[in-house]
Amino acid sequence: MTKEPVVAILGATGAVGQEFIRLIEERKFPYSKLKLLASYRSAGKKLTVNGQEYTVEEAKPESFDGVDIGLFAGGSISKELGPEAAKRGCIVIDNSSTFRMDPNVPLVIPEVNPEDIAWHKGIIANPNCSTIIMLMALKPIHDLSPIKRIIVSTYQAVSGAGKEGIDELRDETEAYLKGEEMQPKILPSKSLPKHYPIAFNLIPQIDKFVEKDYTKEEMKMVNETHKMLHDDSIAITATTVRVPVFRSHAESVYVETADELSVDAVRKA
Ligand SMILES: NC(=O)c1ccc[n+]([C@@H]2O[C@H](COP(=O)([O-])OP(=O)(O)OC[C@H]3O[C@@H](n4cnc5c(N)ncnc54)[C@H](OP(=O)(O)O)[C@@H]3O)[C@@H](O)[C@H]2O)c1
């Protein structure tokens with residue numbers, strides 16, 4: 001029997017890292033050893049996985065010595081630690097946007113384009129959450145007849161903005177209900193100079209505006225779909241909206257295919 005892998009979770013204290021831990025427990029994901037990594041801020045913090053207590057360590061290049069699988073959810077630190085981990089023989093599954101459009105890195109949804117895993121060179125990128133949700137539904141239709149056009153609108157929870165986004169909705173809601181002033185600091189993007197309240201509000205902007213009046217989040221849906229369906233000719237327009245719920249995104253998707261399909265066939269797919 002082959003040895004169960006040594007697994008490291010980078011960003012274990014964050015919103016995505018916590019979800020990784022929940023899924024590892026729920027799916028009884030096999031590992032012979034588990035390492036929980038984060039920044040110096042969380043080093044020393046205790047987290048429990050499968051009933052066992054772990055001490056969070058500060059992530060450094062050497063943290064990946066002897067690690068087989070690195071589940072990365074540490075944001076921009078992927079740029080430095082991704083190649084360092086891969087150099088040490090670790091297979092990196094990266095949740096950040098760092099490598100998604102790198103032509104040398106496969107961008108994969110296992111249910112959509114598993115064949116692309118085969119050409120990885122140590123790093124496998126995981127797409128944006130809104131792209132994953134959309135393509136999970138569209139790929140079976142694309143297999144019936146090639147998709148030609150997509151018009152998508154999203155309704156995205158604050159969890160997509162990390163633990164700071166979740167805290168912002170909670171803090172603003174509490175302030176509003178007490179009749180106090182809300183103090184937005186994170187949305188639509190921490191790096192922007194102006195912020196808007198999300199409590200009892202909708203923000204039709206996720207991240208910065210990048211090109212042709214589309215935001216970065218909207219262009220991720222376009223570019224990542226082209227890469228994973230291996231077809232740049234699909235016409236796609238996306239409108240992404242932040243909504244005041246803690247977790248779970250929703251989407252409305254209009255789609256056109258090359259051939260006429262019956263609604264029954266689409267439902268079945
Ligand atoms: N693919 C998807 O579906 C999806 C969905 C949401 C988010 N994401 C991406 O996943 C990443 C994490 O998002 P999140 O929502 O979990 O963010 P988050 O809640 O803010 O958590 C960030 C995590 O990264 C750690 N971290 C930050 N800087 C670090 C550094 N310099 N070195 C080591 N660890 C560091 C933090 O550790 P501390 O506790 O020490 O600060 C924390 O554990 C982001 O790139 C985000 O865009 C992907």
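A polar contact here is a pair of N or O atoms within 3.5 Å. Keep that cut-off in mind. This is a predicted model.

Start with His195. His195 sits in the loop between α4 and β10 (209–211). The backbone oxygen of Lys190 is 3.5 Å from a polar atom of the His195 side chain. From the backbone oxygen of Ser189 to a polar side-chain atom of His195, the distance is 3.0 Å.

Is His195 buried or exposed? Buried, because its relative accessible area is 17%, and buried means under 20%. Now the neighbours. Setting aside residues within four places in sequence, His195 contacts Pro184, Lys185, Ile186, Leu187, Pro188, Ser189 and Lys190.

Next, the ligand. How many residues surround the ligand? There are 23, and the closest are Thr13, Val16, Ser39, Ser42 and Lys163. By class, the shell has 9 nonpolar, 11 polar and 3 charged residues.

Some distances. A polar backbone atom of Gly14 is 3.0 Å from a ligand oxygen. Val16 places a backbone N or O atom 2.8 Å from an oxygen of the ligand. Asn95 uses its side chain: a polar atom there is 3.2 Å from a ligand nitrogen. On its own, the ligand has 920 Å² of accessible area, and the protein covers 78% of that. Which elements give two or more residues to the shell? They are α1 (15–26) and α4 (162–177).

Methods
Residues numbered from 1 in each chain as written. Predicted model: local features only at pLDDT ≥ 70, side-chain atom pairs only at ≥ 80, totals over all residues. Heavy atoms only, no water. Near = heavy atom within 4 Å. Polar contact = N/O pair within 3.5 Å; in protein donor to acceptor, adjacent residues only side chain to side chain. Areas by Shrake-Rupley, 256 points an atom, 1.4 Å probe, with all protein chains shown as cover. Helix = DSSP H or I, 4+ residues; strand = E, 2+ residues; numbered from the N terminus. Nonpolar A, V, L, I, M, F, W, Y, C, P; charged D, E, K, R; others polar. Buried < 20%, exposed > 50% of the residue type's maximum accessible area, 1.4 Å probe, protein only. Contact = heavy atoms within 4.5 Å.
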